[in-house]
Amino acid sequence: MIEVDGVTKYYGPFPAIKDVSFRVEKGEIVGFLGPNGAGKTTTMKILTCFHPPTFGKAKVAGFDVVEDSLEVRKRVGYLPETVPLYTDQTVRSYLNFIAEVRGLDRSQRKKRVGEVMEECGLEEVREKLIGKLSKGYRQRVGIAQALIHKPEVLILDEPTIGLDPRQIIEIRHLIRGLAGERTVIVSTHILPEVSMVCNRALIINQGRIVAADTPENLTARLQKGMRIHIQVRDSDPREVKRVLESTEGVSRAYVDKEISQGVHRYVVESSDRTDIRGKLARKVVERGWDLLELHSVEMSLEDIFLQLVTEEPVETETLS
């Protein structure tokens, strides 16, 4: 549905993105993740035909963003980071106006406006002025305007920025409900956004794609050893740390936090993926300490992100 091949974009002498390549299949929700200034918005603007690439090719639904930009625009719904809303219009009149701009026949507009208001949870505020709405409802209106023409591809740039926790949950639920019929790209720098909403993550750093996979596959590829949390009731944390580090297969152990008086949680890292939990348990029990908890911990998306954005970019061909 979306194909990006070797795209580079210069602003003057500065390359905002460099040799970016990726694919997004029909029906996927893909998170486009990166720190501020990494090139996310530039890539989104190329896919939505706001800016042409300097080099490379990008296609949406089979149409080239430069040679067939009008066809691409017909098939893309876009929610920019700053939502373009007319605050002196009601929700219904604004969506009717957008439907008209998008070329919907008069006979179709009323029905389609009603459909997107229902889909986006706007029916109870349909006659309210947009300027009187909360930020969460304005964001819903922004998503509704992106959906009004039944696009095959939906591109959302920072869709939950500036929202309160409840509004964030509501917008994430709405985005998840858009999958299947549409292909969705969610551009964000908020790590939980991707793990909670998306099937797959594209991670961009310094203008280059450094990873493209599911969070689970990224964890398997990047986590070289096991990470284990172990909770022990003890008298001397330094002695527990020494014993844990002396266990075969352990590369590092440290005190993570004091849970309560005399109870500490330790983090133990192994040198490879060999399961060392049994060895650790025996060491603790043999010393006469109380073993209160022991379990392995996978890398979080935050761990993956931090590791990738502090490394040199890798070849994207190995990640697709």
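The secondary structure of the protein comes to 11 helices and 14 strands, where helices (H or I, at least four residues) and strands (E, at least two) are DSSP runs numbered from the N terminus. This is a predicted model, in which local features need pLDDT of at least 70 and side-chain atom pairs count only at pLDDT 80 or more, while totals for chains, interfaces and linings use all residues. Residues are numbered from 1 along each chain as its sequence is written, and side-chain values use heavy atoms, with hydrogens and water left out.

Along the principal axes, the C-alpha atoms fill a box of roughly 80 × 45 × 35 Å. Of the 320 residues, 47% count as buried, a term that means under 20% relative accessible area with a 1.4 Å probe and protein chains only. Among contacts (heavy atoms within 4.5 Å) with a separation of 6 or more, 70% come from residues 24 or more positions apart.

The largest pocket has a volume of about 540 Å³; a pocket is an open set of points on a 1 Å grid over the protein atoms alone, where a 1.4 Å probe fits, with protein on both sides within 12 Å along at least five of seven lines, and lining residues have an atom within 4 Å of a point. The volume is the space filled by probe spheres set on the points, which are joined across faces, edges and corners. Of the 18 residues that line this pocket, R73, V76, V101, R102 and Q145 are the closest to its centre. At least two lining residues come from each of α2 (69–75), β6 (76–79) and α3 (91–101).

With a disulfide taken as a pair of cysteine sulfur atoms within 2.5 Å, the count comes to 0. C120 is in no disulfide, and its nearest cysteine sulfur, that of C198, is 17 Å away. C120 is buried, with a relative accessible area of 0%.

How values were computed
Buried < 20%, exposed > 50% of the residue type's maximum accessible area, 1.4 Å probe, protein only.
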